[in-house]
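Me: I have a chain open here and want a quick tour. Can you walk me through it?

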Amino acid sequence: MVLLPLPANAQFVGSGSSAFTFLSLPASARINALGGSNVSVRDAEVSTAMCNPALLGAMTDNVLQLNFTHYMPGTMFGSVIYGHNFGRSKIEKPYTGDGEPDKPNYFAVGVHYYDYGKMTYADNVGNPYGTFTAKDILINAMYARQLGEQFCVGVALKPIISVYERYTSFALGADVGAHFQTKDTTFQMGLTLQNIGTQVKGFYSTEGGQKLEMLPLNLQLGLNYRFPHAPLRLSMTIHNIQRWNLNYEYTNGHIDPYTGTMENTQVQWYDMMFRHAIFALDIVPKSDRFYLTLSYNHRRRAELNLKDQRSFAGFAVGGGIRIYKFNVAFTFSQLTRNNYTYQVGLTLDINSMLK
């Protein structure tokens, strides 16, 4: 909360003009299955607190989660997240979804590691002479508090370290969020403001001192509805509400290098509107022993799909199953043609293992 007075208004800018854009990558198989971000679905998934800290809950107590992502050969993306609840409410009883939980203070900490692999040095004529690496590390400390039966608020502190060859940077960011659900949990709503903050140490310096860049601010609103008599849940997440234009280009056209003709690249208003939305469909039986998810992210589709080539870009399919004391999750998505993304998650409920 201390970070809120930072000059966040400077962060309301267009795409491609902020540092640490890896913060928008899905941190787990579950998040990727939901389209890359979801701020309203609150269940036993501790990693969704990376999208909205208010999604921590009674079911994330003493839960450990490991995630691994395969984007392309030579890279390694992974995360470790642990949740722990503490404190006592006025009602001393186990939380069943009714009344107040016995531990209304929710806490989680996560470490996310992004290794982009080895890259080759080359001189001005292209001769290789060695390799270098690039890495990002994100530490996320999240806290949420239950306010009555239906409301929860949360905040997250996010130190960030980046090392690209000999260039290093350190940043400090924060997320704030809120969550509401009906007593029967059929309807849920979440609101969060992500990545409030800036670099503390920049990658390079100018004549005026260090060049400090902003974090990719993201205001998101999410809604989901679970049908009371069917194992289905529909979700919609609206992201980047603080800015309308998500396009990377500021010109109205460009010259096609193959035909030499001018092509209009202006995004129509209806296309831009849907670039702000992510849709997801969950199959979630009451037993909670497994789930299946299909999602569509139109911004991914619009930016990563190739013309005249069939692609799965924008879509994601995922599922999870409980095996004894473990929950195993897997998600498949495609960024571009012949470039598939696989994410695997393993969740350990330590409370049940100790019984």
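Me: How many helices and strands are in the chain?
Reply: Four helices and 18 strands. Helices (H or I, at least four residues) and strands (E, at least two) are DSSP runs, numbered from the N terminus. This is a predicted model: local features need pLDDT of at least 70, side-chain atom pairs count only at pLDDT 80 or more, and totals for chains, interfaces and linings use all residues. Residues are numbered from 1 along each chain as its sequence is written, and side-chain values use heavy atoms, with hydrogens and water left out.

Me: What is the mean pLDDT of the chain?
Reply: The mean is 84, and 85% of the residues reach 70 or more. pLDDT is the predictor's confidence in each residue, from 0 to 100. Residues 1–15 fall below 50, and beyond near neighbours in sequence that stretch has 32 contacts in the model. Residues 91–97 are also below 50, with 12 such contacts. Contact means heavy atoms within 4.5 Å.

Me: How should I read low pLDDT?
Reply: Where pLDDT is low, the predicted coordinates should not be read in detail.

Me: OK. What share of the chain is buried?
Reply: Buried residues make up 43% of the 355 residues. Buried means under 20% relative accessible area, exposed over 50%, partly exposed in between (1.4 Å probe, protein chains only). On contacts: among those between residues at least 6 apart in sequence, 55% join residues at least 24 apart.

Me: Now strands. Which strand pairs with E1 over seven bridges?
Reply: E2, in the antiparallel sense. Two strands pair if DSSP finds at least two bridges between them. E1 covers residues 63–70, and E2 covers residues 76–86. Gln 65 has Ile 81 in E2 as its bridge partner, and Leu 64 has Tyr 82.

Me: What about the hairpin of E1 and E2?
Reply: Five residues sit between the strands, and Gly 74 takes a positive phi near 95°.

Me: Which strand pairs with E1 over eight bridges?
Reply: E18, residues 339–349, again antiparallel. There, Val 63 has Asp 349 as its bridge partner. E2 in turn pairs with E3 (residues 105–122) in the antiparallel sense over 11 bridges. Met 76 is bridged to Asp 115 in E3.

Me: Which residues are on the covered face of E1?
Reply: Val 63, Gln 65, Asn 67 and Thr 69. The uncovered face has Leu 64, Leu 66, Phe 68 and His 70. In E2, the covered face is Phe 77, Ser 79, Ile 81, Gly 83 and Asn 85. Met 76, Gly 78, Val 80, Tyr 82, His 84 and Phe 86 make up the uncovered face of E2.

Me: Switching topic. How many residues are in the largest nonpolar core?
Reply: It has 27 residues, and those with the most contacts inside it are Phe 20, Phe 22, Leu 56, Met 142 and Ile 160. E2, E3, E4 (128–147) and E5 (151–164) each supply at least two residues of this core. A nonpolar core is a set of buried Ala, Val, Leu, Ile, Met, Phe, Trp, Tyr and Cys residues joined through side-chain atoms within 4.5 Å.

Me: What does Ile 160 touch?
Reply: Beyond its neighbours within four places in sequence, its contacts include Phe 20, Phe 22, Ile 137, Phe 170 and Leu 215.

Me: Is Thr 192 buried or exposed?
Reply: Buried, with a relative accessible area of 1%. Thr 192 lies in E7, residues 187–201. Its side chain reaches the backbone oxygen of Val 176 at 2.9 Å. Setting aside neighbours within four places, its contacts include Cys 51, Val 176 and Gln 220. The C-alpha atoms of Thr 192 and Leu 221 are separated by 6.7 Å, though the two are 29 residues apart along the chain.

Me: And where is Ser 37?
Reply: In the loop between H1 (29–33) and E1. Ser 37 is buried at 10% relative accessibility. A polar contact of 2.7 Å joins its side chain to that of Gln 220. A polar contact is a pair of N or O atoms within 3.5 Å; within protein, one must be able to donate a hydrogen and the other to accept it, and residues adjacent in sequence count only if both atoms are side-chain atoms.
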